[in-house]
Amino acid sequence: MMKEFDIDNDNKITMDEFVNGMTKWLDKAKDTVNKRYHSIKLMKGLYEVLKPWIGKKRVEREMMRILIPKILEHLKSVGYGSLLREDGTPDISAIKMLFKEIDHDKEDTIPYHELRNLMTKMSSGILPYDADAAASKIMKEFDISGDHLIDEEEFVAGLSQWLKTTSNPAACSERSEEDDDKQIWEQTDKLIEDKFTDKSPLAWKKAITLVVVEIVILGLLAEPLIDSVLNLSKTASVS
């Protein structure tokens with residue numbers, strides 16, 4: 001890929017070089033007879049590229065499966081209770097009180113260091129991961145806005161989701177590895193679609209034009225091809 005795309009031989013592929021290289025690849029794929037073979041090779045290569053990302057997502061999911069019940073159990077043991085109402089739904093007022101307890105600087109947000117302090121307070125025997133790894137994962141899980149801060153709304157939404165997950169263990173146990181793989185591949189498909197699929201009006205016009213051109217070519221070639229086959233059949237005396 002570097003050899004074909006890197007026009008100026010500086011061992012880097014610029015945006016223009018990448019677009020130019022991909023355009024050439026697409027033109028070759030369009031002109032080749034054995035498109036299916038090349039599609040299979042492309043998908044295998046794409047899977048190899050995405051394989052580390054898929055593995056990382058599986059590790060992260062397994063990490064959260066272990067962390068969530070451990071953290072909730074710790075909060076319950078130190079006096080915060082189950083954070084659930086009698087009907088099994090999340091106790092929003094109790095979760096907001098917990099947010100204020102963790103928010104030591106009273107800025108209505110929980111930064112990374114306050115989250116890490118909470119993880120550090122848990123004894124080493126409770127958490128199977130170090131405080132930094134646990135805090136980073138929780139920050140990623142709760143921080144919807146991506147500002148590296150957890151506000152009250154994000155905290156309530158994230159912890160409520162945890163509580164719903166742990167309060168229904170039967171539903172969680174029914175989630176198989178096949179379901180996890182399905183979710184991972186759905187995320188992969190979305191990632192590919194977002195990154196590589198051109199949905200612009202120009203792309204639609206180009207696609208429709210190509211289909212029309214191919215239909216016209218097929219119509220023009222079909223009759224001569226049939227005549228050639230019939231002539232060959234007569235000459236070779238084969239039905």
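**Terms and values**

Author: L220 is exposed, with a relative accessible area of 62%. This is a predicted model, in which local features need pLDDT of at least 70, side-chain atom pairs count only at pLDDT 80 or more, and totals for chains, interfaces and linings use all residues. Residues are numbered from 1 along each chain as its sequence is written, and side-chain values use heavy atoms, with hydrogens and water left out.

Reader: Why is L220 called exposed?

Author: Exposed means over 50% relative accessible area, buried means under 20%, and partly exposed lies in between (1.4 Å probe, protein chains only). L220 has 62%, so L220 is exposed. L220 is found in helix α10 (residues 201–236).

Reader: Why is T109 called buried?

Author: T109 has a relative accessible area of 17%, which is under 20%, so T109 is buried. T109 lies in strand β1 (residues 109–110). Helices (H or I, at least four residues) and strands (E, at least two) are DSSP runs, numbered from the N terminus.

Reader: What makes a residue a contact of T109?

Author: Contact means heavy atoms within 4.5 Å. Leaving aside neighbours within four places in sequence, T109 is in contact with F99, D103, E114, L149, I150 and D151.

Reader: How do you know which element has the lowest confidence?

Author: pLDDT is the predictor's confidence in each residue, from 0 to 100. Helix α8 (residues 169–173) has the lowest mean pLDDT among the elements, 48. Over residues 170–176 the pLDDT is below 50. Where pLDDT is low, the predicted coordinates should not be read in detail.
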